[in-house]
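Please look through the structure shown below, with its sequence beside it. The paragraphs after it lead from one side-chain pairing to the next and end where the chains meet.

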Amino acid sequence: MQILIADDDRMSAEVLVRTLTPEMFEVTTASDGAEALEILRRPDSPSLAILDWMMPKVDGPDVCRLIRSEAPGAHRYLILLTSRDAREDVVAGLQAGADDYLVKPCHKGELLARVSVGARVLELQKGLAARVEELQLALSQVKQLSGLLPICSYCKCIRSDENYWQQVDGYLMEHSDAKFTHGICPACYATLSRELDEYSKNNSTRGVSI
Amino acid sequence: MNIPSSAVRMDINDMRRRLGDDEALIAVLFRQFLKDYAARLESIKSAVNGRRLDDLRREAHMMKGNASNLSAFGVVEAAAALEDSADRGGGADVDRLFAKLVVEVEQLVTELRGLLGRL
């Protein structure tokens, strides 16, 4: 996973880079907010960013605000890093669009734990987005049968859009994923048997064998 | 940031705990500070003399951040006081606060050189 570290303090950046790199994260660095924005606007930009609050050109909260407003649906996990630890600062940082907040100086264990949370959230978002895409594709392929169908009250044929009266089974097969196996129900079988017997009887009295 | 009120000016054990006993990283940070501190102090001095409060706030903040990475609470405290003073409009105490910061940094530099030799 790619991570952007944006901090003009070289010592802080060094701690972050040397903590995250051995954990198999691919780390990119920026030394001010404008550079961070430029990197985050690239098509293949890192999805997780650790942004210092006080940076030259554009500060961390403004980077969060701009990135969130430019791509509201993008899967991005933003962590603000700062020595400000007052509750109002935490609220302001989160309201600017940050997902999490880390207080300087960094504690290695806490940094890794919070980055892992971010990575897990991004994985879940990615999985969810892929599932939604799959479902949308499946939905687009399902033939839907709905609306008012004109049907003959006697023979039960359905009038198609082309004004053709079609057997109900044929119509349903054309307009849905349903398939039919044909048989005779017990009631119809009894009726049919009676009619056949009747027919045989009539023919035998006329000397016709069937 | 929680600055201990004790007389501990630099707590190497706090730094070790925070950085997972990564002695190589600790040495890198010591060297980085020793490389940068003189220029940083010079920038602060220039901002103090010129009463450029934005520059003073930024440079003092940077010094505070650098020192906090080293758990150097004496410098953190002195730099924070200077940053606060700049925030409040930089009163007459700016020169005194800068002098205090210089003393704290010099003590830290001596301590870091000693520790670096033992790492």
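**Salt bridges, loops and an interface**

B:Glu77 is partly exposed, with a relative accessible area of 35%; here buried means under 20% relative accessible area, exposed over 50%, and partly exposed in between (1.4 Å probe, protein chains only). This is a predicted model, in which local features need pLDDT of at least 70 and side-chain atom pairs count only at pLDDT 80 or more, while totals for chains, interfaces and linings use all residues. Residues are numbered from 1 along each chain as its sequence is written, chains are lettered from A and ligands numbered from 1 in the order in which they are written, and side-chain values use heavy atoms, with hydrogens and water left out.

What does B:Glu77 pair with? B:Glu77 forms a salt bridge with B:Arg9, and the closest N and O atoms are 3.9 Å apart. A salt bridge is a side-chain nitrogen of Lys or Arg within 4 Å of a carboxyl oxygen of Asp or Glu. Side chains of opposite charge can pair when their charged atoms come close. B:Arg9 lies in the segment before helix 1 (12–18) of chain B and B:Glu77 in helix 4 (residues 73–87), so the pair ties together parts that are 68 residues apart in sequence. Helices (H or I, at least four residues) and strands (E, at least two) are DSSP runs, numbered from the N terminus.

B:Arg9 is itself partly exposed, at 27% relative accessible area. B:Arg9 also forms a salt bridge with B:Glu104, where the closest N and O atoms are 2.7 Å apart. This pair links distant parts of the chain, since B:Glu104 is in helix 5 (residues 94–118) of chain B and B:Arg9 is in the segment before helix 1, 95 residues away. B:Glu104 counts as buried, with 6% relative accessibility. Through shared partners, salt bridges join B:Arg9, B:Glu77, B:Lys100 and B:Glu104 into one network.

Over all chains, the count comes to 26 salt bridges. One of them in chain A joins the side chains of A:Asp100 and A:Arg114, at 3.0 Å from N to O. A:Asp100 lies in strand 5 (residues 100–103) and A:Arg114 in helix 5 (residues 108–141) of chain A, so this pair ties together parts that are 14 residues apart in sequence. A:Asp100 is buried, at 12%, and A:Arg114 is partly exposed, at 27%.

Next come the loops. A:Pro105 lies in the loop between strand 5 and helix 5 of chain A, and a cis peptide bond with omega of about -5° joins A:Lys104 to A:Pro105. A:Asn163 is not a glycine, yet has a positive phi of about 65°. A:Asn163 is exposed, at 57% relative accessible area. B:Ser71 also has a positive phi, near 55°, and is found in the loop between helix 3 (53–69) and helix 4 of chain B. Is B:Ser71 buried or exposed? At 0% relative accessibility, B:Ser71 counts as buried.

Finally, consider where the chains meet. In chain B, 22 residues are in contact (heavy atoms within 4.5 Å) with 16 residues of chain A. The count between chain B and chain A is two salt bridges, among them the one between A:Lys108 and B:Asp22, at 3.2 Å from N to O. Helix 1, helix 2 (23–49) and helix 3 of chain B each supply at least two residues of the side that touches chain A.
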